[in-house]
Amino acid sequence: MPLFRAFGITVGVHPTFFLLPVVLAFNTFGEYGWLGVRDVWWALLLVYTCVVLHEFGHALVARRLGVPVSNIIILPVGGVALLGRIPQYPRAELLIVAAGPLVNFVIAAICFILLGHWPRDIDDLNPASLRWADLLGFLLIANLVLGCFNLLPAFPMDGGRLLRALLAYHYEYLRATWLAMMIGRVCAVLGILYALVEGRYLLAILFTFILFLGNLEYLQLSREAALRRQPTDLF
């Protein structure tokens, strides 16, 4: 479902995204009521606004490097900029991938400068309280978490893609993808185990999606490589 268009790029929401506010409301209502649900939904809106800015970081740098970008799709597990082709040059991929987390770190730095100090009582930050300090503190922490989490070397997250780009300086691109995917599998499985032990089931689902998407992208690249190697009969 398209939401808006900016810089020639359409931003849309995948239908599965709407499961996320429903699940959050279900987990929140029993203890905090509708006011708690309102606060959680407001926090969700702020976080996904930062996710969209993160994806625009990828998309605008990709277009600058000649890689077409059709859409940005918002998913329950984050967002994705749909590139017209996967950049198979390490330097281009490094620049495109690094641009997303860099946006989050820049937002966090701006919030820190405006706030003037590290947020106090991080666990009690409520961006819906309409207090300027709470809003800036929440955005500061949220963007640091988004930036750092995306740098985990779990392919196809940004950290996994950065790892693949570095590996591609020494290996053929498909081989570099396979190595990044295998390292990403280990990270995703460890993340799932940690989340289950801590009772953070949404985080476990997120790492499961990461595990699935990494395998899916490698299989797609394998098929494309096989088609390129396949001889064409001329009649």
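## A residue between two strands

Phe 7 lies in the loop between β1 and β2. In this predicted model, Phe 7 has a positive phi of about 55 degrees, although Phe 7 is not a glycine. Most residues other than glycine have a negative phi.

## Confidence

The protein chain has a mean pLDDT of 85. Of its residues, 91% reach 70 or more. Among the elements, helix α2 (residues 90-115) has the highest mean pLDDT, 93. Helix α6 (residues 201-229) has the lowest, 81.

## The sheet

Four strands form an open sheet. Their order is β1-β2-β3-β4, and the pairing is mixed. Which strands stand at the edges? They are β1 (2-6) and β4 (78-83). Each has a single partner strand, so one side of each is left without a neighbour in the sheet. From one strand to the next, the twist averages 20 degrees.

## Strand by strand

Start at β1. Strands β1 and β2 run antiparallel and are joined by four bridges. Phe 4 has Val 11 in β2 as its bridge partner.

Next comes the pair of β2 (residues 9-13) and β3 (residues 69-75). These strands run parallel, and four bridges join them. Thr 10 has its bridge partner in β3, namely Asn 71.

Asn 71 also stands opposite Leu 82 in β4. Strands β3 and β4 run antiparallel, with six bridges between them. A hairpin through two residues connects β3 to β4.

## Helices α1 and α3

Two packed helices are described by the angle between their axes and the distance between the axes. Helix α1 covers residues 19-64, and helix α3 covers residues 132-150. Their axes come within 10 Å and cross at roughly 50 degrees. That angle makes α1 oblique to α3. The crossing of α1 past α3 is right-handed.

Which residues of α1 meet α3? They are Ala 43, Leu 46, Val 47, Cys 50, Val 51 and His 54. On the α3 side, the contact has Leu 135, Phe 138, Leu 139, Ala 142, Asn 143, Leu 146 and Asn 150. By class, the contact of α1 with α3 has 10 nonpolar residues, three polar and no charged.

The loop between α3 and α4 holds Pro 156. What kind of peptide bond joins Phe 155 and Pro 156? The bond is cis, with omega about 15 degrees. Most peptide bonds are trans.

## Helices α4 and α5

Helix α4 (residues 158-167) and helix α5 (residues 173-198) have axes that come within 8 Å. The axes cross at roughly 140 degrees. Angles over 145 degrees would count as roughly antiparallel. The two helices, α4 and α5, are therefore oblique to each other. Helix α4 passes α5 in a right-handed crossing.

From α4, the contact has Gly 160, Leu 163, Arg 164 and Leu 167. From α5, the residues are Tyr 173, Ala 176, Thr 177, Leu 179, Ala 180 and Ile 183. Seven residues of the contact of α4 with α5 are nonpolar, two are polar and one is charged.

Definitions and conventions. Residues are numbered from 1 along each chain as its sequence is written. This is a predicted model: local features need pLDDT of at least 70, side-chain atom pairs count only at pLDDT 80 or more; totals for chains, interfaces and linings use all residues. Side-chain values use heavy atoms; hydrogens and water are left out. pLDDT is the predictor's confidence in each residue, from 0 to 100. Two strands pair if DSSP finds at least two bridges between them. Axes are lines fitted to C-alpha atoms, for helices over the stretch in contact, and angles run from 0 to 180 degrees between N-to-C directions. Angles under 35 degrees count as roughly parallel, over 145 as roughly antiparallel, 65 to 115 as roughly perpendicular and the rest as oblique. A crossing is left-handed if the near helix is turned anticlockwise from the far one by less than a right angle, and right-handed if clockwise. Contact means heavy atoms within 4.5 Å. Ala, Val, Leu, Ile, Met, Phe, Trp, Tyr, Cys and Pro count as nonpolar, Asp, Glu, Lys and Arg as charged, and the others, Gly among them, as polar.
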